[in-house]
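Biologist: I would like to go through this model and hear what stands behind each label. Please set the values against the definitions as we go.

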Amino acid sequence: QEKTKISLQYGSHREGKRTDADMARWRGYGLGQFIHWGVYAIPGGHWDGKYYGGAAEWIRSWEGMPNAEYDKLYKQFNPVNFSAAAWAKQAKNMGAKYVIITTKHHDGFCIWPSKYTDYNIKNTPYKKDILKEIVTAYDKEGIDVYLYFSIIDWNHPGYQAGTGITPEDRLNWSNYKPFKTDEEKTRYATFKEFTRNQLIELLTDYPTAKGLWFDGTWDGAWMKEFAWVDQLEKELRAMRPGLIIGSRFRADENGKRGFDSNGVLMGDYEQGWERDLPNSIEDVHGNDWDCVMTVPENQWGYHSDWRGYVKTSDDLIEMLVKSVSMNGNFVLNFGPDGKGAIRPEETKLAKEIGDWMKINNEAIYGCTYVNLKKQGWGYYTKKDNKIYLTVINRPINERVNIEIPKGGLKPIKAYLLENKKTADIINRGRNKQNSSLYSIAIPTEYKSNKPFVIVLEVGGTE
Ligand code: FHN
């Protein structure tokens, strides 16, 4: 029985995927790069000789970090090792098709010379517009740029999450306490106007950016402004036809974010997969989505002392393929240091992923989900008449098994993507469910210490 729909004025304004060319391009990216860079890169997870175990970009919220000290750090921001061209080249070599850059994180520091606050790059010793340098360099490499923007802004005097709200309360919408006094309301009104101005400024001054990536929108006061935010979203979209905005921007009138009260996605793609991946295609409900992933467990900005498990390129390649196999993009985070250098661990990963992508990118770019039963060896992706089998766990019997239901596409030939060597297709008959069973024999002489791809050309039906 169909659930009755709640009538919503500020819910999602579209059902189903966007069908335009800009979104089709987004869908084909496969791999992206995230960059978290701001003044938090200077302390790099330490203050006054003490180690901060939280995410480095949150250090200002730590009791060991006096806010007044943090808010002065920008006076030292002088990234003498920064080269936008080098970053962009590295991203290109890794195989990234888009980049999401933090224009302003929760601390409120702007890497562009915003007219609306002095807390920006122009007032650092560096002075130059870093955002412009980044956008220009990535544009030049043909990598699409998306602007990360935090709604939470710890620096703006008008930013407040509600009456008498504690930092903990801020994380929970139900703790929201509406502003009581006119003074509070006026202050928040200035903050809204400031936010709107900055967003218009970004779209005006960086006209090649393809989209906005919002964060820090769980804030109760912001969510309460659902009608105003909805209007703002319309305004931004009207300013820039084709603009891509994910599901984090606004809440509906019942405080539902990401998905509205009817369970319909808000925005153009789902932004809920942070340091997490869906397990199966059912988990993504037919929506576009991206996964944003850190290299260590939970560090986005630069932390000089990564503790705990650090992902390997094999881990990350698996996540990339897994994402694409479920119609998602995979975005890997980088946290450059206070001088503008990308740390050696990240450079090594970028190189290893890039080496893999050079051989195997055909199994990633523009590829989609394949409706075949999941197998233990790895993941399927597909483009036109080719199904790509990315082998993560090489079977001990050197055979990659597949099962094709009656009416499914018929295998014609198989070969290794790396060297085009034929892989024999062994027909193992049908199972009880009448599906055709095949084994693809991995060519015996083929050795690989990385995940590898078998191309299966298909045609006709089983
Ligand atoms: O609090 C932030 C965090 O620092 C980081 O920017 C991530 C990236 O998706 N977003 C927030 C948490 O959702």
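Biologist: What makes the radius of gyration agree with a compact globule?

Modeller: The radius is taken over C-alpha atoms, and the globule rule is 2.2 Å times the number of residues to the power 0.38. For 462 residues a compact globule would come out near 23 Å, and the protein has 24 Å, so the two agree. Along the principal axes, the C-alpha atoms fill a box of roughly 75 × 55 × 35 Å. This is a predicted model, in which local features need pLDDT of at least 70 and side-chain atom pairs count only at pLDDT 80 or more, while totals for chains, interfaces and linings use all residues. Numbering starts from 1 along each chain as its sequence is written.

Biologist: How many helices and strands are there, and what counts as one?

Modeller: The protein has 9 helices and 18 strands. Both are DSSP runs numbered from the N terminus: helices are H or I with at least four residues, strands are E with at least two.

Biologist: Why is Phe-34 called buried?

Modeller: A residue is buried if 20 or more other C-beta atoms, placed from the backbone, lie within 10 Å of its own, exposed if 12 or fewer, and partly exposed in between. Phe-34 has 23 such neighbours, so it counts as buried. Phe-34 belongs to strand 1 (residues 31–35). Across the protein, 42% of the 462 residues are buried.

Biologist: Which residues does Phe-34 contact, beyond its neighbours within four places in sequence?

Modeller: Contact means that two C-beta atoms, placed from the backbone, lie within 7 Å. On that basis Phe-34 touches Ile-100, Val-292, Val-331, Leu-332, Asn-333 and Phe-334. Of the contacts in the protein between residues at least 6 apart in sequence, 71% join residues at least 24 apart.

Biologist: What makes strand 7 and strand 8 edge strands?

Modeller: Strands pair if DSSP finds at least two bridges between them. An open sheet of 8 strands, paired in parallel, has the order 7-6-5-4-1-10-9-8. Strand 7 (244–245) and strand 8 (270–274) each have a single partner strand, so one side of each has no neighbour in the sheet. Strand 8 is joined to strand 9 (residues 289–293) by 3 bridges, and Trp-273 has Cys-291 as its bridge partner.

Biologist: How do you know that strand 12 is largely enclosed?

Modeller: Strand 12 (residues 386–391) has 5 buried residues out of 6, so the rest of the structure largely encloses it. Strand 12 pairs antiparallel with strand 11 (residues 378–383) over 6 bridges, and with strand 18 (residues 452–461), also antiparallel, over 6 bridges. Strand 11 and strand 12 form a hairpin with 2 residues between them, and Asp-384 in the turn has a positive phi of about 50°.

Biologist: What makes strand 16 hardly covered?

Modeller: The count of buried residues among the 6 residues of strand 16 (residues 425–430) is 0. Strand 16 runs antiparallel to strand 17 (residues 436–441), joined by 4 bridges, with Asn-427 opposite Tyr-438.

Biologist: Which residues surround the ligand, and how do they divide by class?

Modeller: A residue is near a molecule if its C-beta atom, placed from the backbone, lies within 6 Å of it. Around the ligand are Ala-55, Glu-57, Trp-58, Asp-215, Glu-274, Val-292 and Trp-300. Ala, Val, Leu, Ile, Met, Phe, Trp, Tyr, Cys and Pro count as nonpolar, Asp, Glu, Lys and Arg as charged, and the others, Gly among them, as polar. The shell therefore has 4 nonpolar, no polar and 3 charged residues.
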